[in-house]
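Welcome! Take a moment to turn the model around, and then let's walk through it together.

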Amino acid sequence: SQPEPPSQPEPPSQPEPPLQQQQTSLQQKPSSRPQPDAILGLRPPMQQPFVRAPFGTSLYPLRDSATSDGLTSDCSPSQLLSNDDQPHTLYPSTWQPLQKYQQQYNLNGEGIVIAILDSGINQNHLAFTQQVHLAQSFIPGESVEDTFGHGTMCAGIACGARFEGSEQFNWFGGIAPRAKLLVCKVVPNGSNVCNPIAVCEALDYIKNNHGLNSALPVNIISLSFGSLNYDSEICDRVNALATDVIFVCAASNYGRRTDQPIAYPALLGNVLCIGSHSSSGKASSFSAVGREIDFLAPGENVCAPFVGVPQALSSGSGTSYSTPAVAGLICLVLQYLKQHLSPTLYRRTCKEVVMKKILKKKMATHQGGHSEEHGYGCLVPKEFFDIIPAEIERFIGKI
């Protein structure tokens, strides 16, 4: 059935199933519960030039101070959009010290290449004046321009830059703002799902043009989409690339609503499967549960660049947003390791199996065990960057 008209919003009592999004407008009173985005459950764009929270998330004007019980008790829109000194949404209690290490070791992702397959990018946004090294559409007849916002938000979280005036709305830049960004558009304009042929062509393009021995090899591929159904064409390509590239994949927002809520390709064994946690480190209620979960990262009420005007910002919740946060964090880890390791040892860290052990043993909160809800736990950057380089070198040498 069609969603109710914007003038008659009814906030759901639980997250809507993927691809069934509620329509809202900036003139409405915000609903009381922010909802997670669907797995590429993209909603038609709105004409308002500022702050739209996509994929079922309630909308708030830039300076709105509405409160909410949220998805968990500690998830409040006022923390995101008020003008007080709230922490940046990408830096909750466990990630806040990351800013210290970014400054102390001059970590910004420089020299690391990340590819994001999604709905494109807002090329005119002030957050992307230098980061986008290559942007290509794999949708015939369409430019790489993002008309939905999902891809722009994911790119911004991973490696967007701060811009003048953004701090007052709690946007202090993405995790790795100097990383080189390859944008691959795989979602047609006007559609709410990615095109599987486009995904295959994008992965083929990366393998053939940005492989290990190319002039600009891709280190990380961030995928904030998936399906509960196995697609052999896509999964075969992921498996082929995963020997030399670190895949970071969104688990899904199905929570516990199915027997197997984790989506492909996150379900594959040679990728990093990422769930979402709140600002206090509590697993989000929508975050998929299963033995394949590797780590949790910030994924509730995340602020990021959006489509529309060059300074557009939006907020969203979902594993779609925790995934590029981890991808950006890995950019910093690789940059740090590149500074302290021999070239031979550094190349070993550019593989998923080695990076997973680094994150598991030197950054995760549950290093000694695994649970279907938390995986190996939340990632705490401080635990890694406080280790002396010699110890890291010895640890990697034993992997």
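The accessible surface of the protein chain in this predicted model comes to about 15400 Å². Carbon and sulfur atoms hold 48% of that area. What about the residues that lie under cover? The chain has 399 residues, and 58% of them count as buried.

Now look at how the chain is built. Its secondary structure consists of ten helices and nine strands. If you take the contacts between residues with a separation of 6 or more, 71% of them link residues 24 or more positions apart.

Which strands pair with strand 5? One partner is strand 4, residues 220-223, which runs parallel to strand 5 and is joined to it by four bridges. Within this pairing, Ile 246 of strand 5 has Ile 220 opposite it. Another partner is strand 6, residues 272-277, also parallel to strand 5 and joined to it by three bridges. There, Ala 250 has Ile 274 of strand 6 as its bridge partner.

Finally, follow the chain from strand 4 to strand 5. Together with helix 5, residues 232-241, these two strands make a right-handed β-α-β unit.

Notes:
Residues are numbered from 1 along each chain as its sequence is written. This is a predicted model: local features need pLDDT of at least 70, side-chain atom pairs count only at pLDDT 80 or more; totals for chains, interfaces and linings use all residues. Side-chain values use heavy atoms; hydrogens and water are left out. Buried means under 20% relative accessible area, exposed over 50%, partly exposed in between (1.4 Å probe, protein chains only). Contact means heavy atoms within 4.5 Å. Accessible areas come from the Shrake-Rupley method with a 1.4 Å probe; for residues, only the protein chains shown count as cover. Two strands pair if DSSP finds at least two bridges between them. A crossover is right-handed if, with the strands pointing away from the viewer, the path from the first strand over the helix to the second runs clockwise.
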